[in-house]
Amino acid sequence: MGNMGGEGATDDSGPNQFNGNASITINADKDSNLGSIYACGAKQYAPNPGQPGKRTDADASKYTVTGTVTITGNNRLPDVEGGGSSATNVVYRGDGNPSESTFVGISSLSVETGNLALTVNSQFENNGNLSVASGAKLDLTKADGMNLNIGNFSGNGGFLFLNQDQTLKITGQVTGTTKVAIGGTNHDNTQSSKLPSIGYTYIVAPKSNNDSFELLPYSTQPNMTLVRDSKGNWTASSNGPGGDINPKMDSISLGKNSEVVPNGTTKVILPLNVTPDDFWIKNVDLDIYVDGGLSRIDVDSEGYHSYTSSGYDLFMTVDPDGNALFISGFTDTGAIVGGPYEIQIEVPAKNSSTGQKLKTGTFTLTVEGGTPPGPGTPTSIPVPTANTGLRWTGAEQVGVNEGTGYTLTGHKAADVGSHTATAALKSGYQWTDGAAGNKEIQWSIGKAQGLSAPANLAGAAPTAEGASDGKITGTTAAMEYADNEAFNNPADCGEPETTGLTTGTYHVRLKETATHEAGAVTVVTVPAYGEPEEPGKPTEPTEPDKPTEPDKPTEPDKPTGPDKPTEPDKPTEPGKPNKPSRPSGGGSSGSKPSKPSTQTPAQNAISSITAAPAGGTVSMVLPESSTAVGSAVWEALAGKDVVLSVSAGRVNWSIHGLDVAKDAAPSSLDLGAEIGTGIIPAGALEALPSQGEKIVQLALAHNGSFGFEARMSVDVGRTNAALWANLYYYNPASQALEFQAAVRVGTDGWATFTLDHASDYAIVLDGKSHKPASATPVPWSNPFRDVAENCWYFDAVAYVHRNGLMNGTGAAVFSPDATTTRGQFVTTLHRLQGTPKPAGKTTFTDVSQDAYYADAVAWAAENGIVNGVDGSRFAPGEPITREQLAAALYRFARLRETPADVGAVQLLPFSDRDQVSGYAARPMSWALERGLLTGLDNGTLAPKAYATRAQIAAILLRFQGSAADAK
């Protein structure tokens, strides 16, 4: 413990250590009011001397235990903080009633009896060990954002509950047999409470055995199992709803080859001959082609399949009681449109006993009254053309579009390179040139645009004048460098640094790969002997290309889902600034001074801005005596992709250089503020919908327009955390307060607003937002020359700009077609939540603590919204994909307690559904159900395609509307 010297003790006796093991046992009857348990020690004191009540501050870095701490408890086991000990083991012994706990930094968990649920904030330390005894239950369904990576696992007949889109990774040994239930169990613990997602991998355990895990099936799918592959991946597999269904098909053929029916026919039955006789096809993902076009698949909650032809002429369902195809039409009466139809059926290799696709012959259905012109009068059609400008996304793309009168082969591919599509005429058609033979159409997929310029590079001088042992730090083997801008004779970089360099200027970029062009360039100077290190500076990116096929609205002014973008874009603007300490001058993420600076804060800020890399943040602390920022600082900041974070007492400012026009930088701007002074007439305050003690008055030193947008954070006190901060502007002309915005107060007591002018304000702290639900929005003054009023994304851009979620990428430019990086998107979600302060710093190795998105990434990781790309990296500069976007937004919706659940995963209508990563299956389905995403015009979902800034704006607008409707 720390100082225990008395009720009024607030000082600290300093670090201390307990040598040995410790055991803590919790009794539900006697210890029901305990708070959290800390494996480390703590300082306990009375914050109010002479009054009852004590405060306990745990500190794992100061009060440590050298041995193992074992914590044993039952249903009322409190939350456990495991830091500060060599190992922290938790043993749970419940009575069977559900119990919920948060365990952080624990080394092992043993669930010996009862039903324990872990929360989203639970975390094992260094892949800790897990044990679930016979009959005991461990519920992980509430731990969506938890890092589900553990070491050794012992099942021994216990139950493990997972969500429909969760994956448990076990790196160590697996012993015993564990029953896996999706969502939970029914009353007799024989079935899962939710339908498992067929094809989804729920457990990755390379050292498991074939009997390590047993799936409890869903009521309508009693034959579902978990199947282990050679790598230890346990994937949900279904053999259909019956208990006597053969999982493999030997053959399939048509019961008839043709049929002629009259006009008005509403149903045609096509019998299918299947061996073995007891194989049912109703739960098989058949590929059904109508006139050469692949039909879309739809699956209901019980797994039954239906199919829609690519031309929307036929609707087909599988007989639920036998092997036959029911064919009907899409007219109001259900009648089939007249004409001939050629239908072919293929069975996927996974359902074939031969391991190869099974194919039927052609069934020709002729509906009288719709026969196309005969051989004597063929219909002329143009030769289809190739889609151009395609770039690699990892998903299958369509190089030539399907159409009427011909069938296509070779028109889809995913690989970079040249491809050939073949168009074959159908009966009754000819090409416009009179030819009747096949046409070959050449098309190609180019490499994706290169990734962002490398960050966190720095040049180090040689150890002697004229020596060649200089180096560039921060490089990887995936990079290359050259001593010329044209990159003639490039050389491979080393990892973690590139050595053997002489003094000079070098250009560094990510190498070209089989799927990506070479990346953007960072210029690094290896200084002369005796000079300090110098950070690398990314070169200015070129103007992004336009997407080859723009987003097409399903209704006027309403876009469909995002198309494939072309090039990563610049960061938007920072989130809430860090609250820096008060040194003598400004600091920088880009400069590394060799000795304490004697410059003024303005001089420090200017030199730091000049040296800062793209995306960096420069801190500037203003003295109380002078809160004005002079013209030289604004001139240095204008047009740069750098954030200036200014601390002025209880007010912090965050200004992005790209929002400051080079030709309109202010001559001087006073960023000082007075809080709590009586500047607003009492009559105006009395008209506000709140009590006086909940009003904070704010007087800004500057008066009038800034000339750009700035984010202002105000310290309104920790006691007001989670309240709404409603900002009102005092209008001297009307002598009334006018509502401006409402944001949540963060847990640190700070509220953040976006302003473009300074005046006198009142902040009303209340339990609700004062924003009128049905008020007509304030007309938006469009500052962007590349956002036209008639474009589909105009309203979306207006929404995100008006609400401070996204700003421009430069003076008067929004760059709607540029891509959005992962760091930028997480920053928008952080702002949407009111920029709450994270509990700690980010642990991702590629996220600089000075980056504008650092707080946003830390907050998102703490709340389970993001997990990173490989456990240690977040990849903030990489463009965000559609599936990554959906996953983050899905978890964000749960954080806000917005209903985010869906039924069975519904991705089967899309031809590229297999490209969706396992973690993203449910979020993508949720996003589709909510209308946040839609499929593309070619029938694909494109989960690996990138999202543009305009599309992100539209999705955020839809999300806010969807959330409001849900509530």
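**Strands first, then helices**

Reply: Leu408 sits opposite Ala423 in E38. It's a predicted model, where local features need pLDDT of at least 70, side-chain atom pairs count only at pLDDT 80 or more, and totals for chains, interfaces and linings use all residues. Residues are numbered from 1 along each chain as its sequence is written, and side-chain values use heavy atoms, with hydrogens and water left out.

Me: How do E36 and E38 pair, and over how many bridges?

Reply: Antiparallel, over 4 bridges, with E38 covering residues 417-425. Strands are DSSP runs (E, at least two residues), helices are H or I runs of at least four, both numbered from the N terminus. Pairing takes at least two DSSP bridges between two strands.

Me: What's the strand order in that sheet?

Reply: E36-E38-E40, an open sheet of 3 strands with antiparallel pairing. E36 (406-409) and E40 (439-445) are the edge strands, each pairing on one side only.

Me: Switching to helices: at what angle do H5 and H7 cross?

Reply: Roughly 20°, with the axes of H5 (residues 822-832) and H7 (residues 882-895) coming within 11 Å. Axes are lines fitted to C-alpha atoms over the stretch in contact, and angles run from 0 to 180 degrees between N-to-C directions. So H5 is roughly parallel to H7 (under 35 degrees).

Me: Which residues make the contact?

Reply: Arg822, Phe825, Leu829 and Leu832 of H5, with Gln884, Leu885, Ala888, Leu889 and Phe892 of H7. Contact means heavy atoms within 4.5 Å.

Me: And how many helices and strands in the protein?

Reply: 9 helices and 60 strands.

Notes: Parallel < 35°, antiparallel > 145°, perpendicular 65-115°, else oblique.
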